[in-house]
Each structure stands twice: as C-alpha cells, then as structure tokens.
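Here is a friendly briefing to read alongside the structure.

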Amino acid sequence: MRNKNPNKLTEDIELTPEGVEKNEINWFPGHMARAIREIKEKLKSVDIVLEVRDARVPRGSGNFVLEETLRQKSRLILLNKANLADPKGVHLWTEWFKKNGDSFIFIDCFDKGAMKKMMALARSIVDQKRKESNPDSYTPKSNLKLMIIGLPNTGKSTIINQLANRAAARTADRPGHTQVQQWIVIDKDLELLDTPGVMPPSLESDEHGLWLSAIHAIPDDLVGEEMPAKFLVDYFKERKSKELKERYKLESLDLSTEAIFLHIAKIRGCVKQKGLPDLERVYKLILNDFRKGDLGKCCFGLPPEMK
Ligand SMILES: Nc1nc2c(ncn2[C@@H]2O[C@H](COP(=O)(O)OP(=O)(O)OP(=O)(O)O)[C@@H](O)[C@H]2O)c(=O)[nH]1
Ligand SMILES: [Mg+2]
C-alpha cells in the first residue's frame with residue numbers, strides 16, 4: 001500500500017490488542033504480528049537468540065516490541081553488513097553497546113573469521129548462563145539451538161547459509177523473503193531456527209523511516225523511492241563522499257540535490273519521451289547503488305548521549 005501522504009513516513013499508529021496497527025503505510029502487516037507471536041512461542045525451545053541488525057543503523061534496526069522479552073533470554077546482537085558501515089560510526093556504537101551491557105558483535109557474514117568469532121561468543125554466552133544457574137554441576141552444552149530474528153532484509157537467512165555452508169535457507173535482496181519459520185539442522189551440535197523479518201509497529205521519526213527504507217527493511221513500493229533517494233544524496237553530499245562524486249562524475253558536491261538528480265539522468269540516459277528526465281529511474285538507480293555500497297559507507301544515527 002502506498003503512503004497517502006508522501007511527505008510523511010510515520011503516522012499516528014493505533015495498536016489493536018494483538019499489536020496490529022492501523023496506519024496509512026502498512027509496513028507492519030498481519031503476518032508480522034503473527035511472526036512476533038511465533039517468535040515468543042519458540043523462545044523456550046532455544047538456547048540463545050541471535051538478533052540480527054544492520055550495522056548501518058545499529059539502534060534503529062532493533063525492535064522495541066521484542067526488547068523486554070529478549071532481555072529475559074540469552075541474546076547476542078549481530079550487527080551485520082558491517083562491511084557497508086562507516087568505521088567511525090561503528091567505533092562510537094561499539095562504545096555505546098559496551099556501556100549498555102548488551103552482548104554484541106559487528107560482522108560481515110561473508111567473512112568466515114567473523115562468523116567463527118560470532119559462534120564462539122554465542123556458545124560462551126550460553127555456557128555462562130548455565131554456569132550461573134548451576135554453579136556446582138555445570139557442564140558446557142554441546143548441542144546448541146539458536147533462533148535468528150530481526151528486521152526484514154538484515155541478512156538472517158544468509159547468516160544461516162554461511163553457517164551451514166550451503167543454501168539451506170532462501171535469501172533475496174528484498175524485505176519479506178522468509179515467510180515462515182524453518183528449522184535448519186547444521187550438524188548434530190547445531191540447529192538454527194530461521195524466522196520471517198519483523199518490523200517494529202511504529203518508528204521514532206520520519207528520519208528513522210528513511211534509514212530503514214534506505215537499507216531496504218521497508219519495501220520500496222510502500223513509500224516510493226524519491227524520499228530515500230533525496231535523503232541519501234543529502235547525507236553523502238554533507239559528508240563530502242568521494243564515492244558519490246566519482247560514481248556520478250560530479251564536478252563538485254556543491255550542487256543542489258535536484259541538480260545532482262538531473263545530472264545523473266543525463267549521464268545515465270534516464271530520459272522519458274520528449275527528452276524529459278526520468279527521475280523515477282534516477283531514484284531507483286541511487287538506491288541500488290547505495291545498497292551495493294557504491295555511494296560510500298554510512299552509519300545513520302548517533303548513540304543517544306551524543307545527539
Ligand atoms: N554486503 C552484505 N550483504 C549482505 C550481508 N548479509 C546479507 N547480505 C545481503 O542482504 C540481502 C538480504 O539477505 P537475507 O538473508 O535474505 O535477509 P533476511 O534477513 O533473511 O530477510 P527476510 O527473510 O526478508 O527477513 C541479500 O542480498 C544478502 O546477500 C553482509 O554481511 N554484507
Ligand atoms: Mg530470510
């Protein structure tokens with residue numbers, strides 16, 4: 001469903017008792033409320049939850065609806081796609097997560113070394129909890145059951161495939177690909193539960209919505225490509241991104257966003273009939289380039305006390 005008010009991403013959201021909202025942009029359709037219920041139901045049967053977030057939006061790609069529940073369980077926050085995140089931002093958020101006391105790790109899930117480190121950390125969290133609850137007769141747990149949760153498109157199924165070393169779960173470069181929970185047995189010592197991506201039922205601000213649209217947690221057809229594309233060009237312009245400049249052969253970054261759009265339309269042949277610029281194609285192109293990391297690295301939002 002397209003947002004009826006394209007200048008506003010967030011609407012006042014009314015929650016029903018089941019947690020299903022009634023707002024104009026429906027990024028929280030019925031199946032997400034069901035997915036949240038099913039996550040809560042399965043918590044008892046797993047040793048630890050791996051909460052996958054996007055390293056480019058370390059806090060804003062969490063889900064406040066599950067926060068309270070997850071705090072009562074062993075949980076490791078995986079900040080995935082760290083290869084696309086700005087190292088300065090990663091450093092600031094690392095300090096914040098440490099201070100906050102949450103277990104976390106920044107990873108690029110295609111990096112075998114990082115995945116090994118992540119699994120060792122997950123095992124140590126489970127063992128630590130067992131030790132605390134049973135100090136006298138503690139034994140490490142050999143067969144682990146993990147549940148992978150997180151916002152759509154954060155890389156949950158890809159992480160499972162990397163651990164399995166095969167295409168055990170279906171993946172795609174778009175949100176909402178996994179629709180049902182699926183157990184994947186890696187070997188006798190490791191079982192993973194893949195779950196459908198779930199969005200929080202409301203967002204903090206319009207900017208928060210733009211971050212999640214940019215990283216493609218929110219499908220493009222819900223809000224359109226124009227606002228996220230404008231946001232991204234402004235963001236990288238402000239940071240004097242040399243990737244932005246080089247990618248689109250810009251003479252200077254001291255141009256208006258509209259002038260940059262027109263320039264891209266010209267050099268990339270995005271033209272409609274009668275020679276008019278096809279801006280819709282330009283917006284799509286910018287989003288695609290950004291998602292591949294071709295406009296530069298980024299980190300959206302600062303830790304709370306630094307705002
Ligand atoms: N650059 C980069 N891309 C990644 C990484 N992890 C996953 N991806 C890509 O992100 C896209 C989404 O991956 P999925 O594993 O399908 O994401 P998901 O969280 O399972 O998505 P849903 O099932 O829709 O909730 C795919 O195109 C992956 O190749 C990563 O660490 N770095
Ligand atoms: Mg998936």
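## Briefing on a predicted model

Gly150 lies in strand β4. Bear in mind as you read that this is a predicted model.

- Is Gly150 buried or exposed? Gly150 is buried, because 26 other C-beta atoms lie within 10 Å and the cut-off for that class is 20 or more.
- Gly150 and Glu51 are separated by 99 residues in sequence, yet their C-alpha atoms are 5.4 Å apart in space.
- Setting aside neighbours within four places in sequence, Gly150 is in contact with Glu51, Val52, Arg53, Lys156 and Gly197.

**The shell around ligand 1**

- Ligand 1 is surrounded by 24 residues, and the closest are Gly155, Thr158, Thr171, Thr178 and Gly197.
- Sorted by class, the shell around ligand 1 holds 13 polar, seven nonpolar and four charged residues.

**Helix α5 and its cover**

- Helix α5 is mostly covered, with eight of its nine residues buried.
- Those buried residues are Lys156, Ser157, Thr158, Ile159, Ile160, Asn161, Gln162 and Leu163.
- What covers the buried residues of α5 includes the strands β1 (48-54), β2 (75-80), β4 (144-150), β5 (182-187) and β6 (190-194), along with helix α4.
- Just after α5, Asn165 adopts a positive phi of about 65°.

**Met115 in α4**

- Met115 sits in helix α4, which spans residues 112-133.
- Met115 is partly exposed because it has 18 other C-beta atoms within 10 Å, a count in between the cut-offs of 12 or fewer for exposed and 20 or more for buried.
- Apart from neighbours within four places in sequence, Met115 is in contact with Ile107, Cys109, Gln162 and Leu163. Gln162 and Leu163 are also among the buried residues of α5.
- From Met115 to Asn100 the separation is 15 residues in sequence and 23 Å in space, C-alpha to C-alpha.

**Helix α8 against α11**

- Helix α8 (residues 226-238) packs on helix α11 (residues 279-291) at an angle of about 60°, and their axes are 9 Å apart. That angle makes α8 oblique to α11.
- The crossing of α8 past α11 is left-handed.
- On the α8 side, Glu226, Pro228, Ala229, Leu232 and Val233 meet Tyr283, Ile286, Leu287 and Phe290 of α11. The residues of this contact of α8 with α11 divide into eight nonpolar, one charged and no polar.

**Helix α6 against α8**

- Helix α6 (residues 206-214) and α8 pack at about 95°, with their axes 9 Å apart. This makes α6 roughly perpendicular to α8.
- Leu210, Ser213 and Ala214 of α6 meet Met227, Pro228, Phe231 and Leu232 of α8. By class, the contact of α6 with α8 has six nonpolar residues, one polar and no charged.
- Pro228 and Leu232 of α8 are named in this contact with α6, and Pro228 and Leu232 are likewise named in the contact with α11.

**Helix α10 against α11**

- What is the angle between α10 and α11? The two helices pack at about 95°, with their axes 9 Å apart, which makes α10 roughly perpendicular to α11.
- Phe261, Ile264 and Ala265 of α10 make the contact with Leu279, Val282 and Leu285 of α11. The residues in the contact of α10 with α11 divide into six nonpolar, no polar and no charged.

**Loop residues with positive phi**

- Lys240 lies in the loop between α8 and α9 (242-247). Its phi is near 50°, a positive value in a residue other than glycine.
- Lys240 counts as exposed because it has 11 C-beta neighbours inside 10 Å, where 12 or fewer is the cut-off.
- Lys274 is found in the loop between α10 (257-267) and α11. Although Lys274 is not a glycine, it has a positive phi of about 60°.
- Lys274 also counts as exposed, because it has 5 C-beta neighbours inside 10 Å.

Notes:
Residues numbered from 1 in each chain as written. Chains lettered and ligands numbered in written order. Predicted model: local features only at pLDDT ≥ 70, side-chain atom pairs only at ≥ 80, totals over all residues. Near = placed C-beta within 6 Å. Nonpolar A, V, L, I, M, F, W, Y, C, P; charged D, E, K, R; others polar. Helix = DSSP H or I, 4+ residues; strand = E, 2+ residues; numbered from the N terminus. Contact = placed C-beta atoms within 7 Å. Axes fitted to C-alpha atoms, helices over the stretch in contact; angles between N-to-C directions. Parallel < 35°, antiparallel > 145°, perpendicular 65-115°, else oblique. Left-handed = near helix turned anticlockwise from the far one by under 90°.
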